[in-house]
Amino acid sequence: MDKRRKKSGSGALTLAVVALMVIIVILGLSVFFKVTVINVEGAQTYTAEEVITASGIHYEDSTVFLNESAAAVKIKNALSYVDEVRIIRKLPSTLTIEITETVPVAAVESSGAWWIIDERAKVLERTEDRSVASRYIELRGVEPVMPSVGSALSLGEGGTVRLEYLKNTLSGIRRAGINGDVYWLDLTNLSNVHFSYKGIFTVTLGKGDDVQDKLWLFVKMLELYPEERPARFDVSEITVGHYIPE
């Protein structure tokens with residue numbers, strides 16, 4: 001009986017010692033591994049201070065027990081232009097926050113304001129300044145429902161196909177490298193999606209699928225025809241394009 005008590009007492013003492021050591025280690029890490037330097041890389045729309053504030057990270061926080069995932073989510077939720085976030089720890093005291101920003105591509109008018117979106121239809125910014133919106137592709141035939149900065153654009157019930165065509169087309173236009181020359185994009189008729197190129201050409205895509213192939217065909221056709229006279233390019237058939245002078 002005495003031996004059992006001794007073993008029990010010895011086990012309890014060992015656990016207590018281990019627990020004490022753990023506490024000492026944790027306290028040591030908390031004291032000696034604190035954030036003193038925060039570098040921000042890749043941010044262009046926002047200042048370093050804005051990114052740091054959005055992260056919720058404070059100087060003197062523990063670098064060891066930092067929750068990078070939670071901080072990254074906070075940044076993306078607070079700063080709409082931020083697409084990806086990577087947080088790198090360099091012990092004992094340095095953090096680097098790497099930012100990848102999304103690119104504004106189009107603007108749509110709704111409720112007395114213009115809403116700037118990226119190729120995935122994420123709302124990046126609200127502005128009442130028409131000159132700001134004019135920097136991007138003007139969207140026609142698109143009616144947002146309660147747009148909100150930082151959220152995906154919603155076109156309401158029955159707008160699923162239109163939204164998918166919109167994203168396909170914006171993505172295709174950007175990949176083709178012509179988004180700076182597209183004045184407007186019209187999705188009023190989903191069987192006749194078309195856009196204005198440099199205000200000279202009207203480009204007919206037909207349905208908003210296979211957009212990448214259609215735009216590849218259009219870019220190839222541009223090499224064959226001058227830009228001096230208005231014309232329509234019909235690339236809705238993918239395999240063959242039609243140049244129609246106006």
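**Figure 1. Buried residues of helix 5 in the predicted model.** Leu163, Tyr165, Leu166, Thr169, Leu170, Ser171, Gly172 and Ile173 of helix 5 are buried (under 20% relative accessible area, with exposed being over 50% and partly exposed in between; 1.4 Å probe, protein chains only). Helix 5 covers residues 160–175, 16 residues in total, and spans 23 Å from its first C-alpha to its last, close to the 22 Å expected at 1.5 Å a residue (the expected span is 1.5 Å times one less than the number of residues). Helices (H or I, at least four residues) and strands (E, at least two) are DSSP runs, numbered from the N terminus. After helix 5 comes Gly177, with a positive phi near 75°. Residue numbers start from 1 along each chain as its sequence is written, and side-chain values use heavy atoms, without hydrogens and water. Because this is a predicted model, local features need pLDDT of at least 70 and side-chain atom pairs count only at pLDDT 80 or more, whereas totals for chains, interfaces and linings use all residues.

Figure 2. Strand 3 (residues 94–101) pairs with strand 1 in the parallel sense over 5 bridges, and in strand 3 Thr94 is the bridge partner of Val37.

**Figure 3. Surroundings of Leu139 in the largest nonpolar core.** This core has 38 residues, and Leu139 and Phe195 have the most contacts inside it (a nonpolar core is a set of buried Ala, Val, Leu, Ile, Met, Phe, Trp, Tyr and Cys residues joined through side-chain atoms within 4.5 Å). Helix 6 (residues 211–222) gives the most to this core, with 6 residues. Neighbours within four places in sequence aside, Leu139 is in contact with Ala106, Ala107, Val108, Ile117, Leu166, Leu170 and Leu185 (contact means heavy atoms within 4.5 Å). Another core, of 25 residues, lies apart from the largest one and has Val35, Tyr81, Ile87 and Ile97 among its members.

**Figure 4. Aromatic pairs Tyr197–Phe201 and Phe233–Tyr243.** The whole structure contains 9 aromatic pairs (rings of Phe, Tyr and Trp, the last by its six-membered ring, pair if their centres lie within 6.5 Å; planes under 30 degrees apart count as stacked, over 60 as edge-to-face and the rest as tilted). The ring centres of Tyr197 and Phe201 are 6.4 Å apart and their planes are at 5°, so the pair is stacked. Tyr197 is buried at 5% relative accessible area, and Phe201 is buried at 1%. The ring centres of Phe233 and Tyr243 are 5.2 Å apart with planes at 65°, so this pair is edge-to-face. Phe233 lies in strand 11 (residues 231–234) and Tyr243 in strand 12 (residues 242–245), 10 residues apart. Phe233 is buried at 0% relative accessibility, and Tyr243 is buried at 18%. One aromatic cluster is formed by Phe195, Tyr197, Phe201, Phe218, Tyr225, Phe233 and Tyr243.

Definitions and conventions. Pairing = 2+ DSSP bridges.
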